[in-house]
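These are my notebook entries on one chain.

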Amino acid sequence: MCARREWGCSPKCPAIFWRVRTPPAPARPRGRRSRYAAVYVRVFARDGTLFVTQGDRFAYRDAAQDLASGLGKIMRIHPDGTVPADNPFVGRAGAQREIWSYGHRNVQSAALHPETGQLWIVEHGPRGGDELNRPEAGKNYGWPVITYGAEYWGPKIGEGTAKPGMEQPLYYWDPVIAPSGLLFYTGDAISGWKGSLLIGSLRPGLLVRLRLADGRVAQEERYLGDLGERIRDVRQGPDGHPYLLTDSGDGRILRVVPASREYPSRPIRRTGGIRPRTSLKQSRRMGAAPPAP
Ligand SMILES: [Ca+2]
């Protein structure tokens, strides 16, 4: 991974401080294309270390359970690429010392809980298996051995939905929402949303709000599905409003405002006030929630 450019770096680029290592190089199964890049997300922890998420690259899913491979993992490193001495697999023979947690499929976004500082992530799963997880040191999040999803073309995956030694997701989506950006909303601009998780959906294209209680998901609400837009990212502006990035050839940045207030149009090109729908839809199944932190 390159600190200056995320894609297309030269091996000699001085800005490279981290590379995904995948020994032994797994053979790509016939018929499976590698659709995903390995590295998606970086987030700094409060202690200054850096979490780097690495997807399974689709064709190499079994590598997510292999501690010798960097695929399907969350890594924890110092910003200069060195390994923190308290990483969970430091000293374990055959394991990459950078690994923080494993058994991940395709992490799309990560954020720190504003109170606990813990890492939370959303992952693209197979059909019916998108997940919200709170990765902890050394733990196995199951992919591809356990999952609530199945192949998009029908067959089951792995051994079921639970197995000793493997963590349950905090929450999962069936049907999937193709989660994208993840935001802990801490603003005051939208009454009642403070402390919620806001998650973009690429398909069907939504803003999802998860109300949290005691570290668990208590309720899901969905907004803006009538826009028909892929929501690629969710951020909080300095004005305390959520902002959404849409994903299309004519992508837009949308500011979310409460429906109960009148806002003047903003003189920023491609920025508009969007009113969340007030009708709420709850439809997600809850994964078995682990104890609150
Ligand atoms: Ca999982």
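I began with a sheet in this predicted model. I found 4 strands forming an open sheet, in the order β9-β10-β11-β12, with antiparallel pairing. I then asked which strands stand at the edges. They are β9 (179-184) and β12 (216-223); each has a single partner strand, so one side of each is left without a neighbour in the sheet. I looked up the twist as well, and from one strand to the next it averages 25°.

I next examined how strand β11 (residues 206-213) is joined to β12. The two run antiparallel, and 7 bridges join them. I noted that Ala213 stands opposite Arg216 in β12.

Leaving aside neighbours within four places in sequence, I listed its contacts as Leu198, Gly200, Tyr223, Leu224, Ile231, Val234 and Leu244.

Finally, I recorded values for the whole chain. I counted 16 strands and 0 helices in its secondary structure. Of its 293 residues, 37% count as buried. I also asked what share of the contacts between residues at least 6 apart in sequence join residues at least 24 apart.

Definitions and conventions:
Residues numbered from 1 in each chain as written. Predicted model: local features only at pLDDT ≥ 70, side-chain atom pairs only at ≥ 80, totals over all residues. Buried ≥ 20, exposed ≤ 12 C-beta atoms within 10 Å, placed from the backbone. Contact = placed C-beta atoms within 7 Å. Pairing = 2+ DSSP bridges. Axes fitted to C-alpha atoms, helices over the stretch in contact; angles between N-to-C directions.
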